[in-house]
Amino acid sequence: MPVIVWPRTPGSSCSPWQTILYPLLLIAVLVTSAHGMTDEAIATLRDDTRSLFYHGYNNYMAHAFPEDELKPISCKPQTRNRDNPADIGLNDVLGNYSVTLVDSLSTLAILASDEDARHAAHALKAFQAGVRALVELYGDGTESGRCGSRACGFDLDSKVQVFETNIRGVGGLLSAHLFAMGDLPIRGYTPVWKVDESAGTRSTNWHDGFTYDGQLLRLAHDLASRLLPAFNTPTGLPYPRVNLRHGIPFYRDALEGFCRIDGTSSSPREITETCSAGAGSLVLEFTTLSRLTGDMRFEELAKKAFWAVWSRRSAIGLIGGGIDAENGQWTMPPLAGIGAGIDSFFEYALKSHILLSGLPYNATPTTTTTSTTNPADPNIPSDPDDPEAFLHAWQASHTAIRRHIFRPSTSSSQHHPTYGQADLVTGAPRYSWIDNLSAYYPGLLALAGEVDEAAEAHLVYAALWTRYSALPERWNVGGGGGGATSGVGAGYPEIEPHFRHWAGRPEFIESTYYLHQATKDPWYLHTGEMALRDIRRRCWARCGWADLGDVVSGEQRDRMESFFLGETAKYLYLLFSAEAHPLNRGEGGWVFTTEGHPLVVPKYARVGGRGKASGREQGKERSVVLGQKLEEVIEKGGVKVPTVAEAVGRTVKATRSDEPQHQHHYPAPPVEPAAQPTCPAPLPPLPLTLSHVANRADLFHAAALAQLHLVPINPARSSPLLAASDNTDGPGISFQDVRSPSNYTFYPWTLPRSLIPPRGVSAPIRGAVVSTLTFPNMNGAAGVGGEGVGGKGMIALGALQKVLDGVLINSLSNIRLNMVQEPKSPLALLSGHDGVSVERAGGSVPGEPEFRIQGIANWALGKDEKVLLSSAALEGVAPADPHFTRVRDLEMVDLVVDVPAGVAVRVGGEGVGMSIDDDQGEDGKVIVGAEWEGEGEGEGLEEEVVVGNGTMESLWSELESMFSGLLSHSSTADDVGPDANDYPALTPANAGQHPATLTRHLIPAILPTGVGAAPLPASMDMKDVPPVATGDLPFQSIFYLDSTLCSARLPIHTAKNYNVLVIKRGDCSFGEKLANIPSITPGAEEGLKLVVVLSVPESKGEMERMKREGELIRPLLDEVQRTPAGVERRVGVAMVMVDGSEEVQRMFKALAKVVAVLGEATGEVVEVKSAGFGHSAGAGAGLGVKRRYWFESLGVPIGNLIML
């Protein structure tokens, strides 16, 4: 990797020319403004951006209006493809309602706040003229003026996509209305309202003689109403398409439709597949419309659709792309990511929280409880109208993305972190492309305050733009990271073959704008300059701005999408406007939609509207006034849109009445809202270079990923210089646009030398440490498949089995394990109370490395997937092989207990693990199965099951949930078969010998440490033994003392006659407890062999409470064991500690032959329960101890490999 270092005279620390240069640079910094680019340079870029917009807009109005789009090369309008209805690339967007004008109005309104009064006046005039033109074409939305010269409202025979029509049409009309009303700021524009109380209207006169009285709001209501039939689904997810005139007749009985890979349909009926972004990105526009009109149908349906997507997220919190609107099932393959099909769902989760914050809403009764989930659907919040619920959805999504979608360079072969595509269910990596649409994500992160992550993510897109002078629609990281096979300048191996185009998309520029707003770093100004220069250089056409059909060759396409003027030009203009523009001041609670339209709920609507009713009360009233309810619209299958002429005027009239104000259904927002987290303040400029981004140690990492060092410096890559058209304020491009950079590796290529660090050094690129374990053919030994099966390098049939959250390996023969080394969470040692050493998570100090199996053969695994290894799979594996070594866990064991079936035991933070139940079938045979005693399968285990401190503890709760998947099927004893042998001490092998009255559980237990710790007796240690039947566990004489054994001695007969003693923790040290046990010489089958200490809640100290609920600490026996007489004990007593929840205490009491307490008068042990209480004597209730193991490779633990 090249390193940029300023030249130096040999033998001196500073060359003579540097002695002169540094003071000059310092002077230059002092006279340069804080943004690192002179005001004159920024003004020039702003002028170029304004010229770019008008070159496209004026040509559209001259050559294409009132059609939807412009063909910039042929200077003709682009219309719907009525000859080919399947051409959804055009027909989904072009609804025949002048979409480019609708999309451009908010950009014109933003240009109307230009610092130059002349330019501002010109833009305001164009904005008002555009509004007037729309009203003349489509009517004013009133009953008397419903029809225009082109259509009556949007009564058009156009089948369009709901998502695109909402974000471009509805959002564009609403944003323009808010600007026209003065609710969104235009510098110098203050409408003067004329109120007609008798008619209930208010209006303002513009200089061109046009009177604005809310026509755009009424048109927005008309257009949105035509989308409502799409919501006639059983899931709440809208159909993807709707006809603006006829509704959804093509979706009737469309359950069997699905898409083939070539884009055709298997059924003549319409495809019902929508996507998460399409269904979940309606809240901003529909909520704004509802609050402005009082028609609450829109807000309710949009929120319902959003939560319908959210409720179908996977167990690991991921959102998929395609989803069927009728059955709510994810389409195959179920992929999760941040790009196409999913992108704006995450965007609207955060932005809905921003827009809705402070708005009144209907608080549901469940919000008064501590529950955070809805009783009707636990997958959605208890109060889905609460703005905080949307914030939680974003935060949970971000966490899942960071865990499963994010690809750090240390766990992959990439040079720089990226975001890929993962399996929706497991999180396993599936693809590694970067699509153009995902470039929005750094901007969203910046908006959420995750500035460092945003800056890191943005580098990749900036490097890719530097390489291609645009962003290809899809770029394959796998091709670009390794360098490859092709010529230096072609770039073909990296770009997906059918995704070589750039459609003028704004996402990269949008993120650049957000990051500059968050950091004020001049690097982002120069990045925007690069994008502007490249667009002008490569996309200029005689009548507008053409798409690029190929970002490498520069081939143009004859299309200019509406978002190029509605978003791309807008974000460039705002980027170069800094704080001078009112929208850049961040005041007023407005947000940009995914189409770049700013929206805000005005103050008068934030308290429920101007009238006496608001919110849902007003919505109910409106449905009566309009004479039509949603159900009626949907039932007819078509659209008969009523007028909303009174939407603005009626509320004005109500405010002047004598009726009490603000009698709305919603509660008022709190006067003093709780303090919210604030975004980090921009860092001060660095000395000399100013830019923090240009000084990032990973700047070159993204350059290496994009292979910028292979890009030739070639000024001829630009498009040819062409003359400007007649409809522009300036030339299409200038000679300044074709200047060449000095070094593509330091990007953007417009970065001036003054921002390049004088001694810039790249941090080392730390790739992934990977290892592969390949096992030979071991089918000669007994194992799965038998001899000869799976030979010649083939994996034996049945060797691999997919189970809940992982893969079970029954045979290692011919298996290849692909592993990556990752840091393990470090631990810090604290001193505890009562002789306990407390380990808890340390600070940011890197932990010891451990391997994670990331793939078996060629199948990738998710980060949370476990690999289970049966004992039979180890047959034939050399036990001393340093590459694959089984290591005994010296800290944790599992107590295997058979408990009477009538004992109520519940899983949940109290140490109760998997249960294996026996039941009798009709034929008298015992049915063996595994089930959880909690409310749902594996529910709550990950955070609540007791774990300890060894290598395996962090995985054990997940292991228990996987046991339920392995053993959840019911089978007779004869059906248990060979697989049952893979689970020693878990699966009953001869269950028919005992009555069906016992349930088997696993209780995690931790071993003590110190000189007083005694090993487990050999007779108790169940290592690799055959399966033990339920009721046949080795130790069934258990004595339960409901005391701490600190103030009394255990009777000698108890120590002689019972194998296991159960006591409580607390009141004294562990050594003192053991000192109260008489000294005996235990025989093979009798005498005390194990003390189980219950860590009851009241015994836990402050340090322990810092740990996760149910998590164990390790007991410390810092002195040798002694007898009650003070003599050193010749044979130590083994001890373990378990979590002492109420459920565990009940379990041990049910196991015990005797339950005893200390007498109040004498202080001696008094038996209160004898054998037979709770279950018949000799019924088989008992206890055993099961060892845990982990695996290592060359001394490094394999974290997610677990032996059963």
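P333 is found in the loop between strand β9 (322–324) and strand β10 (335–336), where helices (H or I, at least four residues) and strands (E, at least two) are DSSP runs numbered from the N terminus. The peptide bond that leads from M332 to P333 is cis, with omega near -10°. This is a predicted model, in which local features need pLDDT of at least 70 and side-chain atom pairs count only at pLDDT 80 or more, while totals for chains, interfaces and linings use all residues. Residues are numbered from 1 along each chain as its sequence is written, and side-chain values use heavy atoms, with hydrogens and water left out.

Another cis peptide bond runs from F65 to P66, with omega near 10°, and P66 is found in the loop between α2 (39–63) and β1 (69–71). Most peptide bonds are trans, and most residues other than glycine have a negative phi.

| Residue | Phi | Relative accessible area |
|---|---|---|
| Q707 | near 60° | 5%, buried |
| L1194 | near 55° | 58%, exposed |

Here buried means under 20% relative accessible area, exposed over 50%, and partly exposed in between (1.4 Å probe, protein chains only). Q707 is found in the loop between α23 (699–705) and β23 (769–774), whereas L1194 lies in the loop between β44 (1182–1193) and β45 (1196–1198).

S113, in the loop between α4 (99–111) and α5 (117–138), is buried at a relative accessible area of 2%. Leaving aside neighbours within four places in sequence, S113 is in contact (heavy atoms within 4.5 Å) with P185, I186, R187, H581 and P582.
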